[in-house]
Amino acid sequence: MKRTSGCAEDFYESSVLQNELWCQLVDEQAARQKAIDDWLPITSSRNAKWWYSAFHNVTAMVGAGVLSLPYAMSELGWGPGVAVLILSWVITLYTLWQMVEMHEMVPGKRFDRYHELGQHAFGEKLGLYIVVPQQLIVEVGVCIVYMVTGGKSLKKFHDIVCSTCKPIKQTYFIMIFASVHFVLSHLPNFNSISGVSLAAAVMSLSYSTIAWSASIDKGVQPDVQYGYKATTKVGTVFNFFSALGDVAFAYAGHNVVLEIQATIPSTPEKPSKVPMWRGVIVAYIVVALCYFPVALIGYWMYGNSVTDNILITLEKPVWLIAMANMFVVVHVIGSYQIYAMPVFDMMETLLVKKMNFRPTMILRFVVRTTYVAFTMFVGITFPFFGGLLGFFGGFAFAPTTYFLPCVMWLAIYKPKKFGISWWTNWICIVFGVILMIVSPIGGLRTIIIQAKTYKFYD
């Protein structure tokens with residue numbers, strides 16, 4: 001009996017030791033996980049205020065897209081153009097509200113990244129396969145387009161203020177624009193770029209105001225025409241499709257909204273959705289003040305002769321247009337950083353969590369420098385501004401902005417069939433799917449047509 005008792009005691013002591021070792025291992029893993037989360041850009045800082053949400057969302061949404069809206073109107077026409085603009089504003093505000101609500105739908109858990117919400121809605125693997133490719137296409141696509149926009153606006157500024165100077169290739173201006181990002185991209189997280197984002201938000205409202213006020217100052221052009229520019233029905237249809245992509249591109253802030261909300265502190269008594277939604281409302285008011293006057297007044301004054309960047313259409317007063325182009329440069333600097341931050345987070349998460357690299361400054365330097373260099377190279381090689389907007393706008397922006405939040409809402413909340421919520425979400429889904437299908441067709445055709453006369457690295 002004594003021997004049996006001794007075996008039981010040994011077994012008990014061994015079990016206690018195993019439990020202690022297991023607890024120690026779990027604690028070490030939790031500590032390692034926390035250390036990594038404290039290092040990653042999305043989760044490293046959670047002390048943002050509600051107004052951070054406002055100017056981050058303005059910076060993310062109001063960008064190159066607003067300058068192409070008069071051109072989109074010229075390809076859509078008055079009736080369809082106004083309808084698509086208003087519908088897009090309403091639908092995207094609704095889907096943004098859904099995402100803000102879903103950020104903390106599970107008590108005690110926060111979906112800090114778009115793909116985490118997708119995994120909750122569709123499953124661990126399927127959620128990744130659905131969300132990550134689309135989100136990457138959007139964010140990398142925006143960064144490439146903004147490289148082109150920044151370079152073009154710098155060139156326009158140079159050509160205006162120094163009209164007698166020797167012409168400089170657009171390639172060099174894109175490289176100059178990229179050089180800023182080789183520095184700014186090493187800011188660690190969203191809160192660290194809040195100053196850049198605030199400046200960008202102010203610039204967006206400023207150059208939008210300049211665009212429509214300068215258009216009013218010039219007045220309706222004597223030979224203005226509001227008919228479609230294309231001489232064939234096929235061309236008109238393709239241009240219409242491309243213009244839908246331009247509009248979709250203009251409402252692209254959803255791809256970073258959960259990541260922005262992740263920076264706001266949250267408690268059960270004061271959830272982050274309250275200050276986040278307050279910031280979103282302010283941002284959408286600013287969006288309306290930028291988008292509608294620029295689109296409608298720009299088209300009213302110039303008709304179908306407007307270019308895919310209205311600031312290029314405007315020539316005088318010289319000093320004002322030069323200033324507006326510099327405002328655009330400052331704004332797209334901030335926008336690039338807003339869209340690049342989730343990409344940095346994805347790459348750094350993959351390297352540190354999956355491939356077990358140490359979270360060091362050297363790793364961060366290499367990853368981010370490589371990404372900026374990649375977007376610069378692609379922007380230099382394929383600067384088809386209007387076509388890029390249409391192609392990326394439809395192919396990836398429409399799903400992530402117009403209908404993916406609705407699909408997630410239906411999958412998670414399962415609203416009553418044929419109820420108001422059910423119908424609302426399905427209407428948004430149908431509208432978004434149509435955008436996704438037709439607009440890349442027009443955008444790709446625009447790229448092909450422009451590529452015929454394009455000289456590489458001009």
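Helices here are DSSP runs of H or I with at least four residues, and strands are runs of E with at least two.

**View 1. The fold of the protein chain in this predicted model**. Counted that way, the protein chain has 16 helices and 0 strands. If you follow the contacts between residues with a separation of 6 or more, 86% of them link residues 24 or more positions apart.

**View 2. Surface and interior of the protein chain.** Of the 458 residues in the chain, 54% are buried. The accessible surface amounts to about 20,300 Å², and carbon and sulfur atoms contribute 70% of that area.

**View 3. The disulfide between C162 and C165**. A disulfide is a covalent bond that ties together the sulfur atoms of two cysteines. The model has 1 disulfide, and here you can see its partners, C162 and C165, with an S to S distance of 1.4 Å. Is C165 buried or exposed, or something in between? C165 has 31% relative accessibility, so it counts as partly exposed.

View 4. C428 itself is buried, at 4% relative accessibility.

**View 5. C143, a buried cysteine**.

Conventions: Residues numbered from 1 in each chain as written. Predicted model: local features only at pLDDT ≥ 70, side-chain atom pairs only at ≥ 80, totals over all residues. Heavy atoms only, no water. Buried < 20%, exposed > 50% of the residue type's maximum accessible area, 1.4 Å probe, protein only. Contact = heavy atoms within 4.5 Å. Areas by Shrake-Rupley, 256 points an atom, 1.4 Å probe, with all protein chains shown as cover. Disulfide = S-S within 2.5 Å.
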